[in-house]
Amino acid sequence: MTVVQVAKSKPSNTTSCADDDGHLRPDGQDQYTISEVAAFTGLSAHTLRWYERIGLMPHVDRSHTGQRRFTNRDLDWLAFVGKLRLTGMPVADMVRYAELVRSGHHTFPDRQALLESTRLDVLQRIAELQDALTVLDFKISTYACSTVQDPAPRTPAVRHPAAQERTGA
C-alpha cells in the first residue's frame with residue numbers, strides 16, 4: 001500500500017467514544033494536583049504551567065488556595081497533546097487547535113483540516129523511515145552474511161539499488 005493509498009483510507013486505529021479511559025479516579029472525585037499530574041503523565045510541573053500559560057492547557061480549575069486542580073478531562077487532553085507532540089506538530093499548531101476546540105462545534109472543519117494535514121506529514125515520515133529501515137536491513141544482512149562466510153572486511157558484490165543511490169556504498 002502506498003502513502004497515497006494509506007492517506008486516502010480511513011484511520012484504522014480509532015476507538016469508540018465509550019472506551020474505558022483508565023483514569024486514576026472516577027469522575028466527580030478527579031481532583032489531581034500538579035505533582036500528581038506530572039507523575040502520571042511524565043511531564044514536568046514546569047511544562048504543565050507553560051502549557052497553561054501559552055493557551056494549550058486553559059481553564060485549569062483552582063482550589064480555594066489557588067492550587068491547580070486537574071480533572072480526568074484535563075488528563076485526556078494532555079494525553080492527546082502528547083500524541084500531537086509525537087507527530088511533530090508545531091506547538092503553534094497545537095495552540096491553534098486548542099483555540100479552535102474552545103471556539104465551538106462550528107470549527108470542526110478547521111480542526112479536521114489541521115489533523116488531516118498532520119496525518120499526511122506523519123505518513124510521509126513513516127514512508128521515509130520505512131525506506132531508511134529497508135536500507136539498514138539490507139546493510140545488516142550484508143554484514144551478517146559477510147561475517148559468516150569471511151570475517152575479513154570486503155565490499156559486497158551485489159548491492160541493493162536503493163542503498164547504492166542513497167549511501168554510495
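So, where is the place of D74? D74 sits in helix α4, helices being DSSP runs of H or I with at least four residues, strands runs of E with at least two, both numbered from the N terminus.

Before I go on, a word on the model. This is a predicted model, where local features need pLDDT of at least 70, side-chain atom pairs count only at pLDDT 80 or more, and totals for chains, interfaces and linings use all residues. Residues are numbered from 1 along each chain as its sequence is written, and side-chain values use heavy atoms, with hydrogens and water left out.

Okay, back to D74. It's buried yet has no salt bridge. Buried here is under 20% relative accessible area, exposed is over 50%, and partly exposed is in between, with a 1.4 Å probe and protein chains only. A salt bridge needs a side-chain nitrogen of Lys or Arg within 4 Å of a carboxyl oxygen of Asp or Glu. For D74, the nearest side chain of opposite charge is R73, 6.6 Å away; Lys and Arg count as positive, Asp and Glu as negative, and His and the chain ends are not counted. What does D74 touch, leaving aside its neighbours within four places in sequence? That would be M57 and R69, with contact taken as heavy atoms within 4.5 Å.

Now for the charges that do pair up. How many salt bridges does the structure hold? Two. In one of them, the side chains of E52 and R62 meet at 3.4 Å, N to O. That pair links distant parts of the chain: E52 is in helix α3 (residues 45–54) and R62 in strand β1 (residues 61–62), 10 residues apart. E52 is buried, at 18% relative accessible area, while R62 is partly exposed at 43%.

E52 also has R68 as a partner, with the closest N and O atoms 2.4 Å apart. R68 lies in strand β2 (residues 68–69) and E52 in helix α3, so this pair ties together parts that are 16 residues apart in sequence. Here R68 is buried, and so is E52. Put together, E52, R62 and R68 are linked in a network of salt bridges.

A pair of aromatic rings is described by the distance of the centres and the angle of the planes. I'm pairing rings of Phe, Tyr and Trp (its six-membered ring) if their centres lie within 6.5 Å; planes under 30 degrees apart are stacked, over 60 edge-to-face, and the rest tilted. A search of the whole structure turns up four aromatic pairs. One of them is W50 with Y51, a tilted pair at 5.8 Å centre to centre and 40° between the planes. W50 is partly exposed at 32%, whereas Y51 is buried at 4%.

Then there's F80 with Y97: the ring centres are 5.5 Å apart and the planes at 45°, so that pair is tilted. It links distant parts of the chain, with F80 in α4 (residues 72–87) and Y97 in α5 (residues 91–103), 17 residues apart. F80 is partly exposed at 27%, and Y97 is buried at 9%. Bring in W77, and W77, F80 and Y97 form one aromatic cluster.

Last stop, helix α5. Which residues in α5 are buried? M94, V95, Y97, A98 and L100 are. And just after α5, G104 takes a positive phi of about 115°.
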